[in-house]
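These are my notebook entries on a single model. I record what I looked up, entry by entry.

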Amino acid sequence: MVKKNVAVIDIGISDKDRRKIADGLSKLLADTYTLYLKTHNFHWNVTGPMFNTLHLMFETQYNELWLAVDLIAERIRALGYPAPATYKAFSKLTSITEEEGVPNATAMIQQLVQGQEAVTRTARSIFPVVDAASDEPTADLLTQRMQLHEKNAWMLRSLLET
């Protein structure tokens with residue numbers, strides 16, 4: 001029997017806690033990727049009187065989401081676990097539903113508000129194990145993600161005011 005040469009990870013977080021954190025981050029990664037796809041879809045397909053504003057806002061948001069998936073996946077890897085990286089895996093882990101058609105601009109905004117809030121909830125749900133494990137790097141990542149998603153949700157909600 002051949003044993004793989006596996007490096008021991010000794011960063012002050014138990015294997016059990018690293019696994020729990022990586023599992024939570026995998027859900028965050030899936031939500032972030034799914035929201036990225038939805039936002040990019042809406043960027044391509046938005047129409048109406050607010051086209052230019054929404055087209056540019058959605059582009060800014062999907063570009064930021066694209067960068068975030070790498071940060072989240074790399075944190076999972078730093079904890080010693082593989083990051084999920086397929087549509088199939090993401091579809092099992094995400095809390096965000098995909099859009100099958102092309103909704104109108106108002107419905108797009110509403111769905112993206114819900115998506116931003118869902119990512120925030122997922123990030124927040126990981127904090128108990130992160131705090132208990134004194135995992136400050138992950139706590140910092142989660143805090144940054146929540147700040148951004150809460151701000152994006154607020155900006156999108158502002159477009160719905162009448």
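**Entry 1: Annotation and conventions**

I began with the UniProt record, an unreviewed entry, which places the feature "domain: Ferritin/DPS" at residues 23-161. UniProt positions are given in the numbering used here, feature names are shortened, and annotations may be inferred rather than shown by experiment. I note that this is a predicted model, in which local features need pLDDT of at least 70 and side-chain atom pairs count only at pLDDT 80 or more, while totals for chains, interfaces and linings use all residues. Residues are numbered from 1 along each chain as its sequence is written, and side-chain values use heavy atoms, with hydrogens and water left out.

For residues 23-161 I find 79% helix and 0% strand, with the end C-alpha atoms 37 Å apart. Helices (H or I, at least four residues) and strands (E, at least two) are DSSP runs, numbered from the N terminus.

**Entry 2: Nonpolar core**

I looked up the largest nonpolar core and found 43 residues; Ile21, Leu25, Leu28, Phe58 and Leu142 have the most contacts inside it. Such a core is a set of buried Ala, Val, Leu, Ile, Met, Phe, Trp, Tyr and Cys residues joined through side-chain atoms within 4.5 Å. Two or more residues of this core come from each of helix H1 (15-45), helix H2 (51-78), helix H4 (105-132) and helix H5 (136-159). H4 contributes the most, with 12 residues.

I then listed the contacts (heavy atoms within 4.5 Å) of Phe58. Not counting residues up to four places away in sequence, Phe58 touches Thr39, Phe42, His43, Val46, Met108, Ile109, Leu112 and Leu156.

**Entry 3: H2 against H4**

I find H2 and H4 packed at an angle of about 20°, with axes 12 Å apart. H2 is therefore roughly parallel to H4, a term that covers angles under 35 degrees. Axes are lines fitted to C-alpha atoms, for helices over the stretch in contact, and angles run from 0 to 180 degrees between N-to-C directions. On the H2 side, Leu54, Phe58 and Gln61 meet Ala105, Met108, Ile109, Leu112 and Gln116 of H4.

Buried means under 20%, exposed over 50%, and partly exposed in between (1.4 Å probe, protein chains only). Leaving aside neighbours within four places in sequence, Trp66 contacts Tyr33 and Tyr36.

Arg75 is also in helix H2 and is buried, with a relative accessible area of 15%. Not counting residues up to four places away in sequence, Arg75 touches Leu25, Asp135, Pro137, Thr138 and Leu141.

Conventions
Parallel < 35°, antiparallel > 145°, perpendicular 65-115°, else oblique.
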